[in-house]
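This report describes one protein chain for a reader who has the sequence and the structure at hand. Please look over both before reading on.

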Amino acid sequence: EVRMGGVVGYSNKYTIDSVNEKAVTLKSSTCDKLCLGGFCGQYNYPCFNNVNNGNVLVDSDVTITGNKLISSTTVVSGAFIGGLNGASTQSHTSKKTYDNVNNGSVTVKAASAKNLGVGGIAGYIRHSAVSNTNNATGTITVTTACDSLFVGGVIGISARNDADGNLSNHNNGAITVSSVSNYDARIGGIFGSISGASKNMVNSGDITYSGSSAGKLDIGGVNGYNYSSRYGSSTTEYDHMNKAKITVSGSSKKRMSVGGCIGYYTPNIDFSALVNKGEVKITSEASCEEDIFVGGCIGHKTGSSGTSTGRMENLGSVYCAGTTNMDCYIGGCIGGTFANGKLYAIATATNSGRVRCDATAVDAYVGAIGGACQAPDNEGNTVTTSAELGSSINCSGTIYFTTMAQWGLSNNATFVP
């Protein structure tokens, strides 16, 4: 077991008002668990007002053999690396990790790992909500072959699941992932995977994925995978905003879900507003054996509950040229939503970005707002764009150009053959 930090390896007390200026490098090790951070390896109490300015590196002669995630208050096994902290296992649900800043790069080149969580601030957070935390200039690069992969500009994995969630976190660092994962891969500008509420998140760091996943692939400008919990109405113009470019040229054997704000999410989540200003692009090198979902705000939404979004606004281009053995769903705001008979309500959906599909698929569903979506239970949606089928689209089945009539509106989108 390795717990390693620029200031402290393991802390069971408050960690506050500290600065690390030095690089933290693990050159060689074989262990079943690794917690490594620029400031602290593992901490079990709240952490706030700390700054890391040193680069974090896990080099290629490191192997992590453990294959279980964190349980109770102990890191059972796995690898968790962060610009500030490796992992937080505290059980204090009322305490938060807040006002922390990372300025150092995080590079993970370990030869192999089982569960791998990497974040600009922390690789894993168990109960502590994260607020007012900034990965200011720290780039994230991950090349390690692993089983399950979680990468976030702020947090790799957040396991907090309640209504008093994560607030006002920012990422400015570019994220580059080329890992081969044997199971699912989840990558987000703020959270790679989050089981809880979040609000007022902004990502300004480009995300580039060229790896391969033998499971599902979920990538979002803010959250890659978002599960459960609700948040009330926002007092700002957005709940989540992405300003950066997302480029996917890698592959997945199962579902591929890519969204400007949220890659994939499932039941019981309310958002007041999702805003995307960045380009979302699936290149011609990308491939998937199952369905591909691409959306300006949301890639793919499923679940049995009638969740809602007050406003979705996309200003970036949405493009898919990947190859799939099944179907492709591409929309200016949302790629696809299938909610088991429940309505997914959107008060206002606006897309002013270009939507284009050059994919190779069985069937393709292309829409200026949604690729394939159940109609919302309230109208008033607007659309100010065209959606088009590129000249190189190759479908062995049918091309479905979805109309705004599915959303209770006239068809304001333009068909461009």
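## Confidence of the model

The structure is a predicted model. The mean pLDDT of the chain is 82, and 76% of the residues reach 70 or more.

Two stretches call for caution in reading. Over residues 71-75, pLDDT stays under 50; the model has 16 contacts beyond four places in sequence for this stretch. Over residues 374-386, pLDDT likewise stays under 50, and here the model has 51 contacts beyond four places in sequence.

## The nonpolar cores

The largest nonpolar core consists of 51 residues. Those with the most contacts inside this core are Leu34, Ile81, Leu116, Val142, Val151, Ile219 and Val248. Strand S10, which spans residues 56-64, supplies the largest share of the core, namely four residues. There is also a second, separate core of 16 residues, and Leu84, Phe191, Ile194 and Val222 are included in it.

When its neighbours within four places in sequence are left aside, valine 248 is in contact with Tyr209, Leu217, Ile219, Met256, Val258, Lys281, Ile282, Thr283 and Ala286.

## Parallel strands

Strand S17 (residues 122-125) pairs with strand S12 (residues 85-88) through three bridges, and the two run parallel. In this pairing, alanine 87 stands opposite tyrosine 124 in S17.

S17 is also joined by three bridges to strand S22 (residues 155-158), again in a parallel arrangement. Here alanine 122 stands opposite isoleucine 155 in S22.

## Two residues in detail

Asparagine 49 is found in the loop between strand S8 (47-48) and strand S9 (51-52). Is asparagine 49 buried or partly exposed? Its relative accessible area is 31%, so asparagine 49 counts as partly exposed. Beyond its neighbours within four places in sequence, asparagine 49 is in contact with Ile16, Asp17, Ser18, Tyr98, Asp99 and Asn100. Serine 18 lies 31 residues away along the chain, yet the C-alpha atoms of asparagine 49 and serine 18 are separated by 7.1 Å.

Lysine 33 lies in strand S6 (residues 33-37). Lysine 33 is buried because its relative accessible area is 15%, and buried means under 20%. A polar contact of 3.3 Å joins the side chain of lysine 33 to that of glutamate 1.

Definitions and conventions:
Residues numbered from 1 in each chain as written. Predicted model: local features only at pLDDT ≥ 70, side-chain atom pairs only at ≥ 80, totals over all residues. Heavy atoms only, no water. Core = buried A, V, L, I, M, F, W, Y, C linked by side-chain atoms within 4.5 Å. Buried < 20%, exposed > 50% of the residue type's maximum accessible area, 1.4 Å probe, protein only. Contact = heavy atoms within 4.5 Å. pLDDT = per-residue confidence, 0-100. Pairing = 2+ DSSP bridges. Polar contact = N/O pair within 3.5 Å; in protein donor to acceptor, adjacent residues only side chain to side chain.
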